[in-house]
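Colleague: Please give me a close look at one part of this structure that I can follow residue by residue. I'd like to see how one side chain leads to the next, and what lies around them.

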Amino acid sequence: MKLGAQISYYKAWRGRKHAHTLIRGSPEQSFYILPSYFHMLVKLNPGTVTHIEVDGENRFKYLFLVFGVVIRGFRYMRKVVGIEDTFLKGQYQGVLLVSTAQDGNGQCYPLAWGIVDSENEDAWTWFLTQLKEVIGDTDELVLISDRAPSIKKAISTVFEKAHHGACAWHVAQNIRNNFKCADIMGSYWSAVNTYRCEDFAEYMTKISHRYSRVAEYLENEVGFEKWSQCHYPGLRYNITTTNMVESLNSMLVNARDFPYVALLNVIQEKMSKWWNDRRIVFRPRFAQSNSRHTSQLNPVTYHVKGAHHAQVSIYSLVSPYYTKEYCVLAYGETIYLVGSQSQWDVPNKVAARVVLPREVKDKKRGRPKTSRFPLVGEFRKRKNRCGKYGAYGHYKKKCNSQTGSTEGNPPTDVPV
């Protein structure tokens, strides 16, 4: 309208869609070039593991991706892996499965990525089977997730030695929603984070005295060993939630409606930048600093006093995962970008592999939803809107406007 052109909403929408197709490719083309794309990833990044699963009609079902650089760097990470999913918003929808670790400096270390048809036990079992082939199955390994039944069953099926922990934040939201007892959340989080069983018992007593049903829920339905540090059979370090995975999902919030290959390109570019930036940061620090440890090292006072009394260096008591050597080695290699499709060198056998778009259910009429349903116990603030004039910030009963002003309304000249 600013240029004096009068077009319909539908024509504007088609023009926008065509522009996106020119930039990112079409959703259908994304399936056709997926084998070639994965071939180039493996060629440019040795050791990269990719899998594409199709059904009997060669229609796409699942995919799995983990970079070789990440596999080799994972040995220098704490063996605590968060797993989570987030829905995709494109034409063929689907669910993005994510697994990530955390380096000694508290930064996300993305491991494996997967795209599946939906969040169900079969999809999680397939994804975790591929992940197990990459990171192994040991007593040291800890997997943290929400308490979705499909994830719990898949983990128990695939991993025999690894420990499974519940995300303490999701447990807290269930407590808020089911028992309406926000006043005990301070005691709950203290019970989550304490390493002393005596202190844990004290916090649980406080919870039990006020809300006995909450204490029973935490002990019998969830299990102390799933969410508390002092009762957990494995070593979770200070990682009690899946926040590290949620941050990755937030990073991709604008890319979740992209075709699959375009989405994977965004992931690849972001990870490549992170690896380069962190390598630049850690190497000079390691070369110039006399300290061998990262900024996450924050020893407790009584540990320091005990070490000094015993004439023991506090740094000898610190896990090697917190040393700068490990951080330098974890980010020591580069993730190389695939580049333009015109520059790919793909064998005919790979290019000839057929991967067809998967079938999707008939969509409902109207604009599709692009925001997820809130999790259990998750609350979102809503802006009040006047029913008289449509202005935001107050209700109709509290409207003092006599002129019908729409002050506070969202702008109407934003292009669709």
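Modeller: Let's start at R353, which counts as partly exposed because its relative accessibility is 38%; on this scale, buried means under 20% relative accessible area, exposed means over 50%, and partly exposed is in between, using a 1.4 Å probe and protein chains only. Please keep in mind that this is a predicted model, in which local features need pLDDT of at least 70 and side-chain atom pairs count only at pLDDT 80 or more, while totals for chains, interfaces and linings use all residues. Numbering runs from 1 along each chain as its sequence is written, and side-chain values use heavy atoms, with hydrogens and water left out.

R353 sits in the segment after α16 (348–351); helices (H or I, at least four residues) and strands (E, at least two) are DSSP runs numbered from the N terminus. Leaving aside neighbours within four places in sequence, R353 is in contact (heavy atoms within 4.5 Å) with P35 and I52. Its C-alpha atom is 9.3 Å from that of L34, although R353 and L34 are 319 residues apart along the chain.

Strand β1 (residues 49–54) runs antiparallel to β2, joined by six bridges; two strands pair if DSSP finds at least two bridges between them. Five residues lie between β1 and β2 in their hairpin, and N58 in the turn has a positive phi of about 65°.

Now follow L63 to the next strand: its bridge partner in β5 is I115. The pairing of β2 with strand β5 (residues 108–116) is antiparallel as well, over three bridges. Which part of strand β2 (residues 60–66) is covered? Six of its seven residues are buried. As background, side chains in a regular strand alternate between the two faces of the sheet.

F38 ties several of these residues together. Not counting residues up to four places away in sequence, F38 touches T50, H51, I52, L63, F64, L65 and L264. F38 also belongs to the largest nonpolar core, which holds 88 residues; F38, F60, Y109, L128 and W275 touch the most other members. A nonpolar core here is a set of buried Ala, Val, Leu, Ile, Met, Phe, Trp, Tyr and Cys residues joined through side-chain atoms within 4.5 Å. Helix α13 (residues 260–288) gives the most to this core, with ten residues. Apart from it lies another core of 23 residues, including A168, V171, C181 and A191.

For contrast, look at E84 in strand β3 (residues 80–87). E84 counts as buried because its relative accessibility is 5%. Beyond its neighbours within four places in sequence, its contacts include W124, D146, H170 and E246.

Finally, here is the wider setting. The secondary structure of the chain comes to 16 helices and seven strands, and 42% of the 416 residues are buried. Of the contacts between residues at least 6 apart in sequence, 67% join residues at least 24 apart. The pair R353 and I52, in contact with each other, is a handy place to begin when you turn the model yourself.
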